[in-house]
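Here's a quick tour of a structure, written for someone who likes the cut-offs spelled out. Have a look at it first, then read on.

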There are 2 protein chains.
Amino acid sequence: MPSQPFAGVLVPVLTPFTPAGEPDAGRFVAFCRWLLDQGADGLAIFGTTSEANSMSAGERMALLDRLIAAGVPAARLMPGAGACSVTEAATLIKHAVGHGVGGVLMLPPFYYKGMTEQGVYDFISAVIDKVGSAALRMYLYHIPPQTMIPFGVELVGRLIKAYPDTVVGLKDSSGDWANTKALLDAYAGSGFAIFPGSEVFLLDGLRNGGVGCITASGNVNVPGIRKVYENWKTPQADQLQADITRVRMTIQKYPMVPALKRIVAHFHNDPDWAAVRPPMERLSDAQSQALLADLAKIGYSLGERRREAAE
Amino acid sequence: MPSQPFAGVLVPVLTPFTPAGEPDAGRFVAFCRWLLDQGADGLAIFGTTSEANSMSAGERMALLDRLIAAGVPAARLMPGAGACSVTEAATLIKHAVGHGVGGVLMLPPFYYKGMTEQGVYDFISAVIDKVGSAALRMYLYHIPPQTMIPFGVELVGRLIKAYPDTVVGLKDSSGDWANTKALLDAYAGSGFAIFPGSEVFLLDGLRNGGVGCITASGNVNVPGIRKVYENWKTPQADQLQADITRVRMTIQKYPMVPALKRIVAHFHNDPDWAAVRPPMERLSDAQSQALLADLAKIGYSLGERRREAAE
């Protein structure tokens, strides 16, 4: 079995931008620290929720440099290395592995549609070969709603077989439990780490060999999600799962990234946090009020949960 | 009316790679010169057919540097500046405009799906503002089969209105004549330059106010396509159009970019030209033989056409 650097609740960290639209390294470092203090097991920085693909490779590497310089433990980081070119993906990964990160999260090449499975295999293979590091731990990032290019069950198996010490896990953001279940049935038994891309499937995942989740709403609900992770074998598990599912369903009635940033802005009392980069748009005032009202209705409060976590 | 640097037959130039998979600047420069010698009116380097999105920003800029250093006229170049981030798109455009290119071809941000029209507008607007150059001439690149993010008719109108001296044209690779027609009806009359993304629609486009085409098969058929452009008002126009449509339809029975590279490899007697970068795959031997046999059946020969062009 491969060594497994990650398990539990991982957060694809939101990226704050300054009012001028630049990545805000100061707020980013502070927020990453806060997430770890809240109990996050790992930080999947530069994912979809992070607006990573709205940043250049240089901007991403500069933010990672700042996190490391600030003393955030590299072993807890799983930076996204998504890029359409082997060249850029390899550059991002070499930089991350050079910092000693626990692993990287790897999108398929996502510009060209209708590519063959062999073409995607060749891409991942070329990236791994170009990086050429025994220290690399790669987690495949299956998110067909954005990429349209799947890491299908068979392709995953081929990559595990070819790179057993490198391709060690997968984030499944298909939103399709049947797909997650098929992956778990096929590969969890041999130590391949499968993370559903939403906490809605956390308990089902754990009961079927999954090792945690990597979830956008972790940005605003680490303590709740960790309760499920810590208590999944207890009689309370289903109720705890229902609690976090309710929070998630409330948030995802709105555009997810702008909604999460609006929640952070509100509960951290820091309005600048609401900024997004185009092509995303902030929530309107009406949407913001409706979102906060919906969250109040279900008793959600980041403040209270934070105090609970500190007790 | 805005100044219009381009009209006629533009070629989204194939990018050659070395056997080791690196961009092959020598072959690239030679091929660009050959296309201009064949009669190409402009070179839309770094488009979809160029596998631009399988290259890093640095690789693209280095190739452009080499073309300029080799004396290829910058005014004839329309480099693609496609990128998912405002930062990278602006970097690519500043570099290209610094070289004095005629214009740039601009994709929408293509990672995130389901973005609003306002979000795409804000992205383009932010790029133009960040470049901040009166010399910029931008051609919008509508290619929903790859991007899933359209430049719809209304959005195009908003961008023209906001940036009348900058947003001066569009390449329509939707493959949907009704869409091209709607754009022509709405904006061609005011001097906005509309290029169908396939020569199949060249004659229809010219008859409805279009100014030429930007087409992948230009890589292997500039002389034929130029005949339609030069003779579109003559009685021979429909027959000439039928001739080039037949060539195009024959090629596009196969995966387009690998097929075009295989044709170049064959007729330029340079087998290395067949190389593609993943996620694309070369044609198999069987596909290659079938393609060349299909082309022979319709009497296609790059060699003969080349001699014709030189007469």
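## Cis prolines and a positive phi

B:Pro279 sits in the loop between helix 11 (256-267) and helix 12 (285-297) of chain B. Helices here are DSSP runs of H or I with at least four residues, strands are E runs of at least two, and both are numbered from the N terminus. The peptide bond leading from B:Pro278 into B:Pro279 is cis, with omega near 20 degrees. Over in chain A, A:Pro278 and A:Pro279 are also joined by a cis peptide bond, with omega about 15 degrees, and A:Pro279 is in the loop between helix 11 (256-267) and helix 12 (285-297) of chain A.

For context, most peptide bonds are trans, and most residues other than glycine have a negative phi. A:Glu51 has a positive phi, near 55 degrees; look for A:Glu51 in the loop between strand 2 (42-43) and helix 2 of chain A.

## What you're looking at

This is a predicted model, where local features need pLDDT of at least 70 and side-chain atom pairs count only at pLDDT 80 or more, while totals for chains, interfaces and linings use all residues. Residues are numbered from 1 along each chain as its sequence is written, chains are lettered from A and ligands numbered from 1 in the order in which they are written, and side-chain values use heavy atoms, with hydrogens and water left out.

## Two copies, one axis

The same surface serves both copies, since 98% of the contact residues of chain A recur in chain B; contact means heavy atoms within 4.5 Å.

## Cavities

There are five cavities of 30 Å³ or more. A cavity is a set of points on a 1 Å grid over the protein atoms alone where a 1.4 Å probe fits but cannot get out, and lining residues have an atom within 4 Å of a point. Grid points are joined across faces, edges and corners, and the volume is the space filled by probe spheres set on them.

The largest cavity has a volume of about 200 Å³. Its lining has 23 residues, with A:Cys84, A:Glu88, B:Cys84, B:Glu88 and B:Phe110 nearest the centre. Helix 2 (57-69) of chain A and helix 2 (57-69) of chain B are the elements that give two or more residues to this lining. By class, the lining has 11 nonpolar, eight polar and four charged residues (Ala, Val, Leu, Ile, Met, Phe, Trp, Tyr, Cys and Pro count as nonpolar, Asp, Glu, Lys and Arg as charged, the others, Gly among them, as polar).

## Helix packing in chain B

Helix 4 (residues 117-131) of chain B packs on helix 6 of chain B at about 30 degrees, with the axes 11 Å apart. Axes are lines fitted to C-alpha atoms over the stretch in contact, and angles run from 0 to 180 degrees between N-to-C directions.

Methods: On a 1 Å grid over the protein atoms alone, a cavity is a set of points where a 1.4 Å probe fits but cannot get out, and a pocket is an open set with protein on both sides within 12 Å along at least five of seven lines; lining residues have an atom within 4 Å of a point.
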